[in-house]
Amino acid sequence: MDTAVKQSPTTVDRPSSAAYRNLVMATIGFGLTFWAWNLIAPLSGDYKERLGLSSFEQSLLVAVPVLVGSLGRIPAGALTDKYGARLMFPLVSALTIVPVLLLIPARDSYGAMLAVGFLLGLGGTTFAIGIPLVNSWFPPAERGLALGVFGMGMGGVALSGYFTPRIAGRGENLPYLVVAAALVVYAALAAVLVTDRPGRPVPTDSLAHRLADAGRLRVTWELSALYAIGFGGIVAFGVYLPTYLKTWYDLSPTDAGTKAAGFALVTVVFRPIGGWLSDRVHPAVVTAAALGLAALMAIVQAFDPPLAPGGTIALLCMAAGLGTASGSVFALVSQVTPQAKVGSVTGIVGAMGGLGGFVPPLVMGAIYSAKGSYSIGFMLLSDLALAGCVYAYGRMRGLKRTRVSRLNQGLRAVP
């Protein structure tokens, strides 16, 4: 029995030291596996030259891990509901070591790289493991900030963008060996330090039934659509921005990776800000404002401003908007989802967010190959972000904490 249940309401609202320990471990694990998940993108320019790839083939190479990692979140979240993060975090971290090391013998074959990229998608599933873990340890009034802090683990994309090409400059295989070693250490520590909250509700029905139950909730798909825009935009830029900067602004792979890392770093910083604001203002209002900013900056970038200062300002402001939105959407998830279903709902919402990052790189590559410009792609992003802004403010603003029980029963909330 969880001792927190026997405490006074005042005490219950204070997270324990175990809560903070699990938050730190989950964030570190999320960051390391995201670095592994994004190992191909920072070196995609080198792969393009070595293997003689077209822009579309290059885009497909960096997008395959995103697709697999996104879809893999659905079973990963449901399995976390059943077996707990104490098992899932070290297990998935350890399994991710395999495709990381397989990148070494696969680098001279496009087919082999696609196959390993498929396996590398496993690293992108830890998002759906960490959300239910953190959500269970923190009281509702502090979940927005806690989930936002956990979301900073997506800074693994920034770490990859900055360090991977630099480490590769010291040894072609060195990035993969460094990441594999880090995952070995983390998996061992996670097996000891990651703990599930005592007394957490454990579902007894089947995996398929739990996923179907989560899929029947209207709010699951509303949140999925918003997250596909916010987090999907982050993932898309994380994997494709180095290519865009190298192709359009003629930057070196190292400079492009550095600037892409700066974009990712801004999204990391603003994700907990989105969660913190959502603890004080309705998350839907925060989401609407953030997506509105992203839409405006996408329009600016569509006109191809010089990188210094116009393009840099537009891209960084866009990063701030997308980071804030990704934090606020999951603050809303924590409000309207019962603890026993958080993993299943998170898996679906997280999958849609990742899929939102799978399509844009392919679209951008195809548009550039056909038109020699990225402007159409940025205008499409602005349209989607504006649609999300309007929907979040017009519909999602009506979701209140007092209506949680009705939403969990699959009933439509009062507008």
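G45 lies in helix α3, which covers residues 44–51, and at 10% relative accessibility this glycine counts as buried, because buried means under 20% relative accessible area. The model described here is a predicted one. The C-alpha atoms of G323 and G45 are separated by 26 Å, and the two glycines are 278 residues apart along the chain.

G323 has its place in helix α15, which runs over residues 307–336. With a relative accessible area of 0%, G323 is buried. Leaving aside neighbours within four places in sequence, G323 is in contact with I234, T267, F270 and R271.

**The chain as a whole**

The chain has 18 helices and 0 strands. Its radius of gyration is 20 Å, close to the 22 Å that the globule rule gives for 415 residues, so the chain is as compact as a globular protein of that length. Along the principal axes, the C-alpha trace spans about 60 × 45 × 35 Å. Buried residues make up 58% of the 415 residues, while the chain exposes about 15700 Å², of which carbon and sulfur atoms supply 69%. Among contacts between residues at least 6 apart in sequence, 85% join residues at least 24 apart.

**The nonpolar core**

The largest nonpolar core holds 112 residues, and of these V100, F237, L245 and M318 touch the most other members. Helix α12, residues 218–248, gives this core its largest share, 13 residues. For L245, when residues up to four places away in sequence are not counted, the residues touched are D250, L251, A256, K259, A260, L307 and L315.

**Backbone features**

Most residues other than glycine have a negative phi, and most peptide bonds are trans. Against that background, D250 is not a glycine and yet has a positive phi of about 55 degrees. D250 is found in the loop between α12 and α13, the latter covering 253–278, and D250 is also one of the residues that L245 touches. With a relative accessible area of 68%, D250 is exposed, because exposed means over 50%.

D304 is likewise a residue other than glycine with a positive phi, here near 50 degrees. Its place is in the loop between α14, residues 283–302, and α15. At 26% relative accessibility, D304 counts as partly exposed, because this value falls between the limits of 20% and 50%.

| Residue | Phi | Relative accessible area |
|---|---|---|
| D250 | about 55 degrees | 68% |
| D304 | near 50 degrees | 26% |

The peptide bond that joins A308 and P309 is cis, with an omega of about 0 degrees. P309 is found in helix α15, the helix in which G323 also has its place.

Conventions
Residues numbered from 1 in each chain as written. Predicted model: local features only at pLDDT ≥ 70, side-chain atom pairs only at ≥ 80, totals over all residues. Heavy atoms only, no water. Helix = DSSP H or I, 4+ residues; strand = E, 2+ residues; numbered from the N terminus. Rg over C-alpha atoms; globule rule 2.2 N^0.38 Å. Buried < 20%, exposed > 50% of the residue type's maximum accessible area, 1.4 Å probe, protein only. Contact = heavy atoms within 4.5 Å. Areas by Shrake-Rupley, 256 points an atom, 1.4 Å probe, with all protein chains shown as cover. Core = buried A, V, L, I, M, F, W, Y, C linked by side-chain atoms within 4.5 Å.
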